[in-house]
Amino acid sequence: MSALAPAPAAPPPPPSAASGDERLAPVSLLRRLLGRPELGAVVGAAAVFVFFSFAADSFLKASSLSTILYSASTIGIMAVPVALLMIGGEFDLSAGVMVTTSALISSMFSYQMTANVWVGVLVSLLVTLAIGFFNGFMLIRTKLPSFIITLGTFLMLTGLNLGFTKLISGTVSTKTIADMEGFPSARALFASQWTVGSVTLKVTVLWWLALVAVATWILLRTRAGNWIFAVGGGADAARAVGVPVVKTRIGLYMGVALCAWISGQHILFSFDVVQSGEGVGNEFLYIIAAVIGGCLMTGGYGSAIGSAVGAFIFGMTSNGIVYAQWNPDWFKFFLGAMLLLATLLNAWVRKRAEAK
């Protein structure tokens, strides 16, 4: 028997790109860009910006940028949760009138109860969140498409907004609450603005950017973000691997309701009164901003940043047409054309990303 034991076998070398393991291969910048849902929206935003820079002399003025950012923020605040909902594979056609509902509740409760306006604001928050919960709960219980559920909510809220406003106020608008206690502090939170030189920055821009940051963090850095993508990609498969599909969907609808409450308070404390017929049709603008930003109608794909870029494109187009002194009647045509082009571009970008 030999006194020398055989030497142990050397461990196999770690896999590398050279040995054929694609997981460790360096990813090029182009490939990473092609994998981003908002790439098409960024390209489109750059094209729209360059176009109106030449078409309208006043487009590049600081005051014009202030107006564009404000228009974009009013759509963008709602486009963020709508984008998350679409990534989760669902829609909410009641989002536009829900904004008006939240403003009406705050105004009428404060006025009728002669309470501090903050009481009406908090009551509005609870009721609006309850509406979002109702949408998600009905979707889960009935198994009906979200289109049908939220269309029903849209019609009910439209009728309630008009009916209750005329019943309580006698007109189609609310009474002013500008002289009530708490109004200045509520306006400072929801409708303040700052002027630096010729630039006026409204607080909605800050709300918008904060919501984009929070939504991006949720999607990319939390377990809830993985759940949203999984539910949008396939609810049955997600449920099979332990994803709480019910809680995720209800949470997404309540997220839409929360942002509708923020938008509604901005409307109320900006103008003191609320028209009961406002908000109808805005839900399509939110969806358009999300789709232009890279969200797929089938779910499972998109980003909050893309929805922000889509809202910015909306702001540039709606104001650029005015600055160029074109007939504003053509705005909806340009909006529809952008929607189609963005959808085609997003589909092409996704196919390129999947091919690589």
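What is the volume of the largest cavity? In this predicted model, the largest cavity has a volume of about 40 Å³. A search of the whole structure returned 1 cavity of 30 Å³ or more. The residues that line the largest cavity are Ser107, Met108, Tyr111, Gln112, Ser169, Thr174 and Lys175. Helix 4, which spans residues 95-113, makes the greatest contribution to this lining, supplying 4 residues.

Strand 1 (residues 193-196) and strand 2 (residues 199-202) are paired in the antiparallel sense, with 4 bridges between them. Within this arrangement, Val196 is positioned opposite Val199 of strand 2. The two strands form a hairpin with 2 residues between them. In this hairpin, Gly197 adopts a positive phi near 65 degrees.

The cysteines were also considered. A disulfide is a covalent bond between the sulfur atoms of two cysteines. With a cut-off of 2.5 Å between cysteine sulfur atoms, the count comes to 0 disulfides. Cys259 has a relative accessible area of 5% and is therefore classed as buried, the limit being under 20%. Cys295, at 3% relative accessibility, likewise counts as buried because its value falls under the 20% limit.

Notes
Residues numbered from 1 in each chain as written. Predicted model: local features only at pLDDT ≥ 70, side-chain atom pairs only at ≥ 80, totals over all residues. Heavy atoms only, no water. Buried < 20%, exposed > 50% of the residue type's maximum accessible area, 1.4 Å probe, protein only. 1 Å grid on protein atoms, 1.4 Å probe; cavity = no way out; pocket = protein on both sides within 12 Å on 5 of 7 lines; lining within 4 Å. Points joined across faces, edges and corners; volume = space filled by probe spheres on them. Pairing = 2+ DSSP bridges.
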